[in-house]
Amino acid sequence: MIRVALIGGGITGLSAAYYLERDYPGVEIDLFEADKELGGRIRTDTSHNLIIEGGPDSFLATKPELVELCEQVGLGPHLIGTNPQVRGAYIFWKNQHYQIPEGIQTGVPTKAKPVLTSPLLSVAGKTALLKDFLVRKGPDGDQSLGYFLRRHFGNEIVDRLAAPMLSGIFAGDIDQMSLKATFPHLLTAEQRARSVYLGSKRRKPPAPNVFVQRYHSVFVSVDRGLQEMIVQIAKNLHHTRFFLSTAVERIEPETEGRWAVSSSSHSGVYDAVLVTTPAYVSARILPFLSLQARDILQHIPYADLAVVGAAYDPADIPIKTDKTGFLVPKHSGLHMTAVTWVSSKWHYPHVDPLFVLRAFYGRFGENILEYDDDALISLFRKELEQTMYVKASPKYLRVFRIPQGMPQYVVGHLDRIAKLERELEPFRHLFVAGAFEGGVGMPDRVKQARKTVQRMAQELELTRSEVRSETFT
Ligand SMILES: Cc1cc2nc3c(=O)[nH]c(=O)nc-3n(C[C@H](O)[C@H](O)[C@H](O)COP(=O)(O)OP(=O)(O)OC[C@H]3O[C@@H](n4cnc5c(N)ncnc54)[C@H](O)[C@@H]3O)c2cc1C
């Protein structure tokens with residue numbers, strides 16, 4: 001019997017367990033999770049007959065991996081798209097909500113008129129857009145996303161529009177984020193046409209996607225909250241033993257390519273190990289790795305985050321909430337980075353008719369968690385009054401603190417990851433994965449888990465179950 005240890009019970013670890021069980025019957029799996037619950041960054045508060053997500057609220061249907069997994073664990077009838085009546089978000093700038101001009105794709109204008117007529121940009125800001133037709137082709141090596149976009153479009157559109165749109169996904173600083181590791185197609189557009197505007201326009205539109213059509217939306221969620229996805233994946237695991245509240249302390253090589261995994265309460269020897277913990281944890285629990293490998297893992301930076309979820313009497317919301325919410329540029333003087341109007345964005349069935357919103361805090365380099373909960377709540381209420389004129393007290397409020405919540409792909413990230421992979425090569429049957437490489441989005445996590453399981457199975461010479469895996473290519 002082959003025994004595999006999976007370290008970390010977030011979406012990466014859980015989907016790895018799912019594919020191992022489904023495709024390679026006969027493998028025994030032990031899954032170690034430090035927390036008392038599975039899910040990692042995925043947390044849903046369903047108390048008070050509301051759905052308030054403490055981490056992600058949805059995933060891309062254009063990347064099929066997670067939609068497929070949800071359907072396979074029986075969640076198909078519970079997948080929902082965003083409210084079709086509500087499209088796009090506002091930008092909050094100088095005490096006003098501005099529409100994001102039509103045609104902005106990954107921070108780059110692909111239509112001239114909407115951006116040239118947008119009141120969000122000054123005449124100087126609009127004139128600076130012409131730089132895109134004049135600048136020389138830049139270096140094809142890695143550079144910061146901010147440097148790249150500023151060179152093409154000037155500072156104003158980057159600070160007011162592109163940065164809040166793009167850095168929001170990573171809670172990152174656009175002037176430190178790696179272009180190649182985050183939005184490499186922008187570099188391709190430049191290399192293709194010199195002008196990023198023209199290069200982006202020439203990009204082929206994506207083929208119609210079956211899941212986007214099925215759920216009528218690019219973003220998909222679960223009608224009972226995303227934690228239900230974790231529950232259902234776990235329910236479908238019949239050969240996995242869960243060790244919750246069990247932080248792995250050390251993993252060490254044993255003889256014959258086997259691995260010893262130890263925690264304070266449980267230890268075992270395994271034929272293979274997949275580590276899906278955050279990079280700084282992996283550096284600690286893999287002490288035998290070379291200094292260089294541990295150094296790379298340890299120095300992948302993470303941003304501290306906080307999410308404040310609150311529910312109000314709808315009568316207490318004095319402004320129009322006809323979009324998914326608003327983004328807040330860094331130079332606005334506010335700490336909040338974005339607010340999602342949950343009740344506008346999603347029509348969750350069977351929830352109380354309160355108006356739910358979520359405010360996001362934490363920019364890379366800012367120590368937002370120095371605020372205790374009371375200070376964060378005061379900040380939230382002050383900033384909600386400034387941005388939405390909400391004076392009333394919420395009927396329910398919850399603070400989610402997420403220390404080292406989001407890995408940062410800073411300039412040079414891909415080179416460091418390539419070095420790390422070379423350092424890991426000699427260790428057969430040991431696999432190190434996680435959101436610090438291959439994309440932070442949940443579908444990216446599932447894709448990485450599936451691929452890693454395939455590599456593991458090859459190394460262990462496991463036989464694939466043809467019948468159960470026939471839906472996968
Ligand atoms: C606020 C926020 C909003 C987001 N929004 C979206 C979104 O809308 N859409 C989207 O697709 N993605 C979103 N993401 C990103 C996405 O949620 C994460 O990238 C993804 O959930 C990470 O999954 P993971 O399993 O790789 O890591 P994690 O979820 O971090 O799981 C790692 C697990 O390892 C455990 N662990 C740590 N140390 C040990 C140890 N020593 N032993 C055993 N276990 C250990 C942890 O407790 C954790 O459960 C968001 C993230 C955040 C923080």
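Domain bounds here come from an automatic or database domain assignment. On that basis the protein chain has domain 1 (2–40 + 227–300 + 410–460), domain 2 (100–201) and domain 3 (302–407). This is a predicted model, in which local features need pLDDT of at least 70, side-chain atom pairs count only at pLDDT 80 or more, and totals for chains, interfaces and linings use all residues. Residues are numbered from 1 along each chain as its sequence is written. Helices (H or I, at least four residues) and strands (E, at least two) are DSSP runs, numbered from the N terminus.

**Domains**

- The C-alpha centres of domain 2 and domain 3 are 27 Å apart.
- Between these two domains, 11 residues of domain 2 are in contact with 14 residues of domain 3; contact means that the C-beta atoms of two residues, placed from the backbone, lie within 7 Å.
- On the side of domain 2 that touches domain 3 there are five nonpolar, three polar and three charged residues.
- In these classes, Ala, Val, Leu, Ile, Met, Phe, Trp, Tyr, Cys and Pro count as nonpolar, Asp, Glu, Lys and Arg as charged, and the others, Gly among them, as polar.

**Ligand shell**

- The ligand has 37 residues around it, of which Gly8, Gly10, Thr12, Gly40 and Pro56 come nearest; a residue is near a molecule if its C-beta atom, placed from the backbone, lies within 6 Å of it.
- Two or more residues of the shell come from each of helix H1 (11–23), helix H13 (279–285), strand S17 (302–312), strand S21 (396–407) and helix H18 (442–460).
- Domain 1 and domain 3 each supply at least three residues to the shell.
- Sorted by class, the shell around the ligand holds 19 nonpolar, 13 polar and five charged residues.

**Nonpolar core**

- The largest nonpolar core has 137 residues, and Leu6, Leu20, Ile91, Val273, Leu274, Phe326 and Ala359 touch the most other members.
- Such a core is a set of buried Ala, Val, Leu, Ile, Met, Phe, Trp, Tyr and Cys residues joined through C-beta atoms within 7 Å.
- A residue is buried if 20 or more other C-beta atoms lie within 10 Å of its own, exposed if 12 or fewer, and partly exposed in between, with C-beta atoms placed from the backbone.
- Apart from neighbours within four places in sequence, Val273 is in contact with Ala5, Ile7, Ile251, Trp259, Val261 and Leu430.
- In soluble globular proteins, nonpolar side chains tend to be buried together.

**Strands and sheets**

- Three strands form an open sheet in the order S5-S11-S6, with antiparallel pairing.
- Strand S5 (59–60) and S6 are the edge strands, each pairing on one side only; two strands pair if DSSP finds at least two bridges between them.
- S6 and strand S11 (residues 219–222) run antiparallel and are joined by three bridges, and Ile80 has Ser221 in S11 as its bridge partner.
- Elsewhere, strand S19 (residues 336–340) is mostly covered, with five of its five residues buried.
- S19 pairs with strand S18 (residues 325–327) in the antiparallel sense over three bridges, where Gly325 stands opposite Thr340.
- S19 also pairs with strand S20 (residues 355–361), antiparallel and over four bridges; here Met336 has Tyr361 as its bridge partner.

**Individual residues**

- Thr82 is in the loop between strand S6 (79–81) and strand S7 (90–93), and counts as buried because 21 C-beta neighbours lie inside 10 Å.
- Thr82 and Trp346 are 264 residues apart along the chain, with 5.2 Å between their C-alpha atoms.
- Not counting residues up to four places away in sequence, Thr82 touches Ser217, Phe219, Thr324, Lys345 and Trp346.
- Ile233 is in helix H12 (residues 227–235) and is buried, with 22 C-beta neighbours inside 10 Å.
- Leaving out neighbours within four places in sequence, the contacts of Ile233 are Leu14, Ser15, Tyr18 and Val73.

**Positive phi**

- Most residues other than glycine have a negative phi.
- His48 has a positive phi, near 60 degrees, and is found in the loop between strand S3 (44–45) and strand S4 (52–53).
- His48 is partly exposed because 14 other C-beta atoms lie within 10 Å.
- Lys94, also not a glycine, has a positive phi of about 45 degrees and sits in the loop between S7 and strand S8 (96–99).
- Lys94 is exposed, with 10 other C-beta atoms within 10 Å.
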